[in-house]
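Please open the structure in your viewer and keep the selection tool at hand.

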Amino acid sequence: MKLDIDINKLKEYANVELLAKQLVEGFITGLHKSPYHGFSVEFAEHRLYNYGESTRHIDWKVYAKTDRLYTKRYEEETNLRCYMVLDASSSMYYPKPEYGKIKFSILAGAAISFLLQKQRDAVGLFTFGEKIDFQSDAKSTSTHLHNLLKHYQRLFDQPAIQQKTNVAQVLHEVAEKIPKRSLVVIFSDMLQNETNQEEIFSALNHLKHNKHEVLLFHVNDKATELNFEFEDRPYRFEDLETGQVVKLTPTEIKKVYKQQMDEAFKNIFLKCSQLKIDFVDADIKGGFDKILSTYLTKRAKMR
């Protein structure tokens with residue numbers, strides 16, 4: 001049975017670790033019942049012995065039972081190194097009062113982190129606004145995952161603060177801070193005041209130039225942010241990052257607004273395609289299955 005979580009109905013102080021675990025377990029149950037078999041979701045403590053390797057870690061007890069050679073897998077052994085990069089700027093605390101985009105990103109990031117550790121992959125975390133606010137090394141231990149989940153929880157619980165975004169600068173810094181080829185998973189609405197899109201594209205290119213694989217989840221509330229679906233009445237719109245307020249009736253600007261947003265969305269998609277970056281339209285009302293399945297597909301390609 002798959003588990004769907006309605007962001008708008010989450011309690012103010014939900015348990016991020018419990019919800020992430022439920023998301024992963026529900027998703028995996030759904031995969032097992034599906035007729036499509038493309039994902040490896042077995043979290044074994046052993047792997048098949050490859051001839052030519054050292055025999056030091058062969059589990060002879062398992063060999064006696066199965067007549068097959070397996071080696072023990074230790075916490076420090078990893079298949080993949082992954083860094084979650086989570087935008088925590090003010091625009092991510094939309095829509096009010098649920099703060100849907102940031103809560104969606106936190107739960108999605110926590111769920112992928114949970115999956116990574118269960119597959120003995122190493123996971124690290126960056127959170128940012130105008131600058132990097134938090135960063136951790138990538139490790140595969142259960143203790144490290146627990147510490148990351150505690151940080152996700154603090155971020156989930158903290159009230160919104162007015163903070164601008166500097167996606168381009170932060171991604172340049174992340175590209176330099178990650179020491180080895182890694183998978184970089186970004187959760188961001190890619191909204192940044194006073195920044196040319198080319199600056200963001202340059203930062204994404206920096207990640208690719210440094211041999212990192214990139215998975216970009218473009219987090220949005222599609223109905224209102226991209227399609228501008230509001231009732232035909234006067235509204236007071238506030239820029240969450242600058243505090244600037246505009247009063248207008250949506251129908252007056254809907255056509256122009258939608259054209260500009262469609263163009264910006266298309267430009268990001270095309271640039272990511274050119275850079276061979278996986279770009280995912282992550283509508284917060286679309287559920288979490290798309291997020292987890294996209295991650296597993298990416299992981300399978302990196303083997």
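How does the lining of the largest cavity divide by class? It has six nonpolar, one polar and one charged residues, where Ala, Val, Leu, Ile, Met, Phe, Trp, Tyr, Cys and Pro count as nonpolar, Asp, Glu, Lys and Arg as charged, and the others, Gly among them, as polar. The model is predicted, with local features requiring pLDDT of at least 70 and side-chain atom pairs pLDDT 80 or more, while totals for chains, interfaces and linings use all residues. Residues are numbered from 1 along each chain as its sequence is written, and side-chain values use heavy atoms, without hydrogens or water.

Select Tyr93, Tyr99, Ile102, Lys103, Ile106, Leu155, Phe156 and Gln158, which line this cavity. Two or more of the lining residues come from each of helix 3 (100–118) and helix 4 (142–157); helix 3 supplies the largest share, three residues. About 30 Å³ of space lies inside. On a 1 Å grid over the protein atoms alone, a cavity is a set of points where a 1.4 Å probe fits but cannot get out, and a pocket is an open set with protein on both sides within 12 Å along at least five of seven lines; lining residues have an atom within 4 Å of a point.

Next, select Leu191, Glu225, Glu238, Asp239 and Tyr257, which lie nearest the centre of the largest pocket among its 40 lining residues. This pocket holds about 1,400 Å³ of space, a volume being the space filled by probe spheres set on the grid points, joined across faces, edges and corners.

How values were computed
Helices (H or I, at least four residues) and strands (E, at least two) are DSSP runs, numbered from the N terminus.
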